[in-house]
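Please view the sequence and the model together.

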Amino acid sequence: MALQRSSRWSQRRLAPWLFLAPGALLFLLYVIIPIGQSIWISFYDWDGLGAAKWIGLRNYSDLFDDDSFYTSLYNNMWWLLLYLLAIPAGLAIALFLNQTVAGIRLYKSLFFFPFVISQVVVGLIFSWFYAPDFGLLPRIIGFFTGTETAILADERYATFGIIAAGLWPQIAYCMILYLTGLNNINPEQVEAARMDNARGFAMLWYIVIPQLRPATFIALVVTVIGALRSFDLVSIMTAGGPYGSTRVLSYFMYEQSLSEYGTAMGYGAAIAVVLFAIMLVFISLFITRMLMQERNA
Amino acid sequence: MFPKPIQKSAPWLQASYKLLLPLALFIWLLPLIGIAVTSVRPSSDLAAGNYFGWPSRFAGVENYTAVFTNSNIGWYILNSFKVTIPTVIGAVGLSCLTGFALAVYKFRLNLAVFFMFVAGNFVPFQILAIPVRNLTIHLGLYDTITGLVLFHVAFQTGFCTLFMRNFIKALPFALIESARVEGVNEWKIFRHIVLPLMRPAIAALAVLIFTFVWNDYFWATIMAQSADVRPVTAGMNELKGQWKVAWELITAASIVAALPPVAMFFLMQKHFIAGLTLGATKG
């Protein structure tokens, strides 16, 4: 009896590790360990084939002297700032669509549609939309201002043109999060507030938005991560151009280490480490909040 | 309900809402409508500057046929399926196990392991790229479907574990307790009690991971070289270079490439949204 109980007990101690092993080992091998390896590689001068030479922090000091690095960093900042607009915009569309009229379900799905399409296709769609001579947007701008602008060929506008393309699916994503959130707000509170004559913006601000906090948190996480991960659209729409003006850290790293001509592994790893460090700030914030929720649960 | 149901508003407001809906949708999808129309234009329209008018005739059949006969896109799409389907099976399968382990057992490192999966899921791809590519080369799997699948399975297991663990946590724990009292072993508890209840989570994750992996571009670019491995996202970039201004072909190919996840979304909409909005209502 005692023996049986102890074998049961040890089974229950061992079981989680057996269940975890395949997934966790693969995740360690392909995700966790490579982070450490990249940090390690960033201290070397290495072309990916020959012998690697330890150079300490040289890659980083080179990086801080590199104009392309500052361009990338600056663009990443714009990406992050402007991407956050997806949250209020998504909320606005969700409020607009949160009705029960005939066919509203189909409207909701079609508004969500851009999120399902790959960024490669979104990039191609917007390249077409922006194309000089025949693109739709230059036509519209031309109609109002009399001059057509080639957005993606103009250093002043190219990054913003790409960010706008990225916002399209991102707004759709935030919208769907808020639609689900709105579906689950407490109707009694809303009715009670209505009795107290709260309406319009005051109702939204004091009653509805506080109840949407979980949705806002997820929207914030996916938007920040999405903004800093931005790579696909830059690659498809401008390949970093014109004159490298639309580079972001992720694309700059790709150019240095992974593209056809990129063999600067150590340098690219250093760029990746900087991007990782920036994201780590946000990841830590997110994890801390999630951890607090776990503790309270 | 907020905002106030439109049915309780003045009739003119109701009428304008019904008018505004299709108009807003039209503007929202304008870029998409634009490429859909372009994809059925004859190339002569584009040459003659008819970009926005009604297509002079319907050239959809010839454009879409040309896309398949002039390029490898058929192969690329097949490659995408070959990468995506095993990844979905692998990542969802592994995360059923990891999610179960983290939701059901109390052990000291539980939260640490859980947050390893969560945090890993948020890192930029670039910090993984060089070591992962080297690892793949060392395994002799560079430029193979298997090489891509292994990475995707590993990476997606992070998100899937988060999802599965939270899903199982919400199941009634008494079910597991009473099975233990009856002396059912841990594997059978997983297999016969928990797994059948996970069907909705498995469906939701399957459509989500399908879409994520189908739409992956970065790894498709750096881990695949040859035409018989290259997924359609990387293939599209190549075709864009090849066709330059033949927008009727580029747009048609874009629509073809976007179709599988779109079909998946419309067929499994409920699961897709349930997966995407997990956690948007509580906590």
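## Core contacts and loop geometry

Apart from neighbours within four places in sequence, Ile271(A) is in contact with Leu63(A), Leu249(A), Phe252(A), Met253(A) and Gln256(A), where contact denotes C-beta atoms, placed from the backbone, within 7 Å. This is a predicted model, in which local features need pLDDT of at least 70 and side-chain atom pairs count only at pLDDT 80 or more, while totals for chains, interfaces and linings use all residues. Residues are numbered from 1 along each chain as its sequence is written, and chains are lettered from A and ligands numbered from 1 in the order in which they are written.

The largest nonpolar core has 169 residues, and Ile271(A) is among those that touch the most other members, together with Cys174(A), Met175(A), Tyr178(A), Ile209(B) and Ala253(B). Helix H8 (residues 158-183) of chain A contributes the most to this core, namely 16 residues. A nonpolar core is a set of buried Ala, Val, Leu, Ile, Met, Phe, Trp, Tyr and Cys residues joined through C-beta atoms within 7 Å; buried means 20 or more other C-beta atoms within 10 Å of a residue's own, exposed 12 or fewer, and partly exposed in between, with C-beta atoms placed from the backbone. Helices are DSSP runs (H or I, at least four residues), numbered from the N terminus.

Ala239(A) lies in the loop between H12 and H13 of chain A.

How values were computed: Helices (H or I, at least four residues) and strands (E, at least two) are DSSP runs, numbered from the N terminus. Two residues are in contact if their C-beta atoms, placed from the backbone, lie within 7 Å.
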